[in-house]
Amino acid sequence: MNAIVALCHFCELHGPRTLFCTEVLHSPLPQGASSGDISGQNEQAEEEEGGIQMSSRIRSHSPAEGASADSSSPGPKKSDMCEASGCRSLAGGHPGYVSHDKETSIKYVSHQHPNHPQLFSIVRQACVRSLSCEVCPGREGPIFFGDEQHGFVFSHTFFIKDSLARGFQRWYSIITIMMDRIYLINSWPFLLGKIRGIIDELQGKALKVFEAEQYGCPQRAQRMNTAFTPFLHQRNGNAARSLTSLTNDENLWACLHTSFAWLLKACGSRLTEKLLEGAPTEDTLVQMEKLADLKEESEGWDGSEEEEKPSSQPDVVEGQELSKCSPETSLMPDCNSWNVAHRRLSVFRSLRHMRQVLGASAFRMLAWHVLMGNQVIWKARDTDLVQSAFDVLRTMLPVGCVRIIPYSDQYEEAYRCNFLGLSPHVQIPSHILSSEFAVLVEVRAATRSNLCPTLFDEEQSLNKYEFVVSSGSPVAADRVGPTILNKIEAALTNQNLSVDVVDQCLVCLKEEWMNKVKVLFKFTKVDSRPKEDTQKLLSILGAAEEDNVKLLKFWMTGLSKTYKSHLMSTVRSPTSSESRN
């Protein structure tokens, strides 16, 4: 995460001051930061902390350090004394802290001030605002402020107990600065929890020191006895105590560097950017609505204890699949594992594969009935084969138009499902077999003379089947058919297109025709236009043919409730009616 985390302090002599900050470096360290260790220093200490390598490096002086180092006035001053303790974190010449993230080659550098003058100015301004004007009620807690020019700041102010301070406490803040406002706002809950943990730890250590000092020498009674002595004089120069003294922790800054570096790394890893291309599709909206309905239904059944009763009606799942086991599957328990492995080979893998197995004419008839919304019936013993066929065929339809009963022991009416799997012994009513609104695919054991040639080595098991496609209204070979069917067949016959590319073509074709469905729905159902205008609209959409009109009317049933309710609410609003007039 491209941000800076800093610890700030309000000094009674100098006002808001930056004590310690950690920044992210994606490029090599600043000049002088990698020139080696300071002469006379011990060996460079390195340790591993959660994949981040910690070490101490020399660094160049910040603008604030240069100003304080050039001071040459003799004799100790209150400002010099404060710079040496309360307003400083690292001693003069301290190399600072550097953590190397080996996974991303990012360095986390900690020191009192940023080295870059522009960053120093941004951090300085954020520090002043966090401890002066930008505070929440009670002066303790989180707040957000900033602008495009100086960056955006998440600030959390807090108090640290100090027995020698005015009011027995000192004012600090931890700030996080970055230029991305949205990212920082989305990280608010994460930053609040982690920074609150750091603050609690600091306050806990300081409270123990405060209670020990108060027990040894109570300051309240001593101050009451010297009530008329000037406050600064009676403190005897102890106005600014360092945070290490207040917490009695000599490794405080190393611990803060570790915490700040982990905070920057973890906060940058928890959020990722995703490219959303346009509004969600109708399939996405329908799936979200179905999930919401299932969630409400499950919540309605929570707490209720009811025995499961065998149902005579198979379960219908719109856009999903619920398999019902065939009675034959439990006849040979000893060979069950072999049967499962054997059945997995007897499946359709894609529309192109199904077209090659069924043949071009049979597949065109089947696909035409699927797109028109007619009932598609498969009769077979192999339930996996039937379910794989439905998996492949449903890709040609919007999610809202799919109603599947994967396998049943009795015939189900077309209003309950448009994909129906039946066992071979089920009798289908004669009027269904002769109907033009249904198509039957019978899977039989192939005779020796009807064995299909091997298509793929791993799919030889399909050769043992013979597929017979029949309907009361067979599709003539010279029939034009719906436009989308012709485009699907063109994609399937193009061997230069892979299966994945064909799948993406299907998505694009479905979305194209769903957009036409939306226009037709608003034109006919919402605006209630006359038939003459509807015919003109269909001509403009390129869907004036009979098959295309039937397809649009069927696909209209797959529109999401969200889209329909949005159109209705728009029409009923007074502003829309005024604009139409």
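The legends below walk through several close-up views of this predicted model. Residues are numbered from 1 along each chain as its sequence is written, and side-chain values use heavy atoms, with hydrogens and water left out. Because the model is predicted, local features need pLDDT of at least 70 and side-chain atom pairs count only at pLDDT 80 or more, while totals for chains, interfaces and linings use all residues.

**View 1. Strand E1 sits between two partners, E2 and E9.** Helices (H or I, at least four residues) and strands (E, at least two) are DSSP runs, numbered from the N terminus. Strands pair if DSSP finds at least two bridges between them. E1 (residues 4-11) runs antiparallel to E2 (residues 15-25), with eight bridges joining the two. A hairpin of three residues leads from E1 to E2, and Cys11 stands opposite Gly15 in E2. E1 is also antiparallel to E9 (residues 169-178), this time through six bridges; here Ala6 faces Ile175. Seven of the eight residues of E1 are buried, so the strand is largely enclosed by the rest of the structure. Buried means under 20% relative accessible area, exposed over 50%, and partly exposed in between (1.4 Å probe, protein chains only).

**View 2. Here is the largest nonpolar core, with 64 residues.** Such a core is a set of buried Ala, Val, Leu, Ile, Met, Phe, Trp, Tyr and Cys residues joined through side-chain atoms within 4.5 Å. Met354, Trp378, Leu393, Phe467 and Trp555 touch the most other members. Helix H17 (residues 499-526) gives the largest share, ten residues. Take a look at Leu393: setting aside residues up to four places away in sequence, Leu393 touches Leu351, Met354, Leu366, Val370, Val376, Trp378 and Phe419. Contact means heavy atoms within 4.5 Å. A second, separate core has 38 residues, among them Leu243, Leu252, Leu256 and Phe260.

**View 3. Helix H16 (residues 483-493) has buried residues.** They are Ile484, Leu485, Ile488, Glu489, Ala491 and Leu492. These residues cover an arc of only 160° around the axis, which puts them on the same side of H16. The arc is that of the directions from the helix axis to the C-beta atoms. Their cover includes helix H12 (351-358), helix H13 (360-372), H17 and helix H19 (546-555).

**View 4. Leu567 lies in helix H20 (residues 561-572).** Leu567 is buried, with a relative accessible area of 8%. Beyond its neighbours within four places in sequence, Leu567 is in contact with Phe521, Lys522 and Val526. Leu567 and Phe521 are 46 residues apart along the chain, and their C-alpha atoms are separated by 9.6 Å.

**View 5. Some of the 17 salt bridges are shown here.** A salt bridge is a side-chain nitrogen of Lys or Arg within 4 Å of a carboxyl oxygen of Asp or Glu. In helix H5 (residues 188-216), Asp200 and Arg196 are four residues apart, separated by about one helical turn, and their side chains meet in a salt bridge (2.9 Å, N to O). Asp200 is partly exposed at 42% relative accessibility, and Arg196 is partly exposed at 26%. Arg129 pairs with Glu134, their closest N and O atoms being 2.8 Å apart. Another salt bridge joins Arg416 and Glu412 (3.0 Å, N to O), and Glu412 counts as buried at 3% relative accessibility. Finally, salt bridges that share partners link Asp162, Arg170, Glu213 and Arg241 into one network.
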